[in-house]
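Work through the exercises below with the structure open beside you. Try each task before reading its solution.

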Amino acid sequence: MRKGVATQIVARRLGVEPGRAAGLVQSASDGGVLPKARGRDIPDLGVEDLVNLLLVIACDRGLGVAAQSVREFSALTDGTTSLHGALVDLFSHGPALAGAVHGDLVIRLDPATASLTAGGHFRRFGPEPPPGAAGRHVIVPGRALAAIGLELQGRSPAEADELVALARITASHSVGLAFSTTG
């Protein structure tokens, strides 16, 4: 998938102004965390790049620190897996996306921490924030995260919305549903 298309998907699903999202992505590209086009060679983004693109838009601390923010949030760990690795796994496996529908990705911008609830499992990445600590948070609802993943896999917005709605209904009736990672 091309960077511009992926940026539009993530910006729309997160409710971020498209120009702001494009600026963050460009800054991250300039900082080396996303590939850059070279002449007519426009790279397709792999799953790891798509996760970086999601993180740069969701973890907006400013254009000047976009690449550094992606590196910092990507490296947060739950003791076993990095946040980047967990999101790559989520976006790489259709059944994991179905589990994300009833969870959330919660990002605390300062100090950098994150939590991910998917498939009934809660995971904290980075240190526990001090009690009573204030700070900006970004919440990516599980249904938005699943829809982003589905669109990044090539589904249309309508198909992604239908699959997310079906997963929510199916889960409420205690019947399993797995998204297909093929078209």
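## Exercise 1: Helix H3

H3 is a helix of 12 residues; its first and last C-alpha atoms lie 16 Å apart, close to the 16 Å expected at 1.5 Å a residue. The model is a predicted one.

**Task.** Find how many residues of H3 are buried, and list them.

Solution. 

Step 1. A residue is called buried when its relative accessible area is under 20%.

Step 2. By this cut-off, nine of the 12 residues of H3 are buried, and the helix is mostly covered.

Step 3. The buried residues of H3 are Leu 50, Val 51, Asn 52, Leu 53, Leu 54, Leu 55, Val 56, Ile 57 and Ala 58.

**Task.** Describe how H3 and H5 cross, and which residues make the contact.

Solution. 

Step 1. Helix H5 covers residues 83–92, and its axis comes within 9 Å of the axis of H3. The two axes cross at roughly 115°.

Step 2. The crossing of H3 and H5 is right-handed.

Step 3. On the H3 side, the contact is made by Val 47, Glu 48, Val 51, Asn 52, Leu 54 and Leu 55. On the H5 side, Leu 83, His 84, Leu 87, Val 88, Phe 91 and Ser 92 take part.

Step 4. Sorted by type, the residues of this contact are eight nonpolar, three polar and one charged.

## Exercise 2: Helix H7

**Task.** State how many residues of H7 are buried, and what follows the helix.

Solution. 

Step 1. H7 runs over residues 142–152 and is mostly covered, with 10 of its 11 residues buried.

Step 2. The buried residues of H7 include Gly 142, Leu 145, Ile 148, Glu 151 and Leu 152.

Step 3. After H7 comes Gly 154, which has a positive phi, near 110°.

## Exercise 3: Salt bridges

**Task.** How many salt bridges does the structure hold? Examine three of them, beginning with the pair of Asp 44 and Arg 2.

Solution. 

Step 1. Side chains of opposite charge can pair when their charged atoms come close. The structure holds nine salt bridges.

Step 2. Asp 44 and Arg 2 form a salt bridge through their side chains, at 3.0 Å from N to O. This pair links distant parts of the chain, 42 residues apart. Asp 44 is in the loop between helix H2 (18–30) and helix H3 (47–58), while Arg 2 is in the segment before helix H1 (3–14). Asp 44 is exposed, at 51% relative accessible area, and Arg 2 is partly exposed, at 40%.

Step 3. Arg 13 and Asp 161 form a salt bridge in which the closest N and O atoms are 2.6 Å apart. Asp 161 is partly exposed, with 39% relative accessible area.

Step 4. Arg 13 and Asp 161 also belong to a network of salt bridges, in which they are linked with Arg 12 and Glu 151.

Step 5. Arg 124 and Glu 128 form a salt bridge, with 3.0 Å between the closest N and O atoms. Arg 124 is partly exposed, at 26% relative accessible area, whereas Glu 128 is exposed, at 59%.

## Exercise 4: A cis peptide bond

**Task.** Which residues does the cis peptide bond join, and where is Pro 111 found?

Solution. 

Step 1. The cis peptide bond joins Asp 110 and Pro 111, with omega about -5°.

Step 2. Pro 111 is in the loop between E1 and strand E2 (113–118).

Note on methods: Residues are numbered from 1 along each chain as its sequence is written. This is a predicted model: local features need pLDDT of at least 70, side-chain atom pairs count only at pLDDT 80 or more; totals for chains, interfaces and linings use all residues. Side-chain values use heavy atoms; hydrogens and water are left out. A salt bridge is a side-chain nitrogen of Lys or Arg within 4 Å of a carboxyl oxygen of Asp or Glu. Helices (H or I, at least four residues) and strands (E, at least two) are DSSP runs, numbered from the N terminus. Buried means under 20% relative accessible area, exposed over 50%, partly exposed in between (1.4 Å probe, protein chains only). The expected span of a helix is 1.5 Å times one less than its number of residues. Axes are lines fitted to C-alpha atoms, for helices over the stretch in contact, and angles run from 0 to 180 degrees between N-to-C directions. A crossing is left-handed if the near helix is turned anticlockwise from the far one by less than a right angle, and right-handed if clockwise. Contact means heavy atoms within 4.5 Å. Ala, Val, Leu, Ile, Met, Phe, Trp, Tyr, Cys and Pro count as nonpolar, Asp, Glu, Lys and Arg as charged, and the others, Gly among them, as polar.
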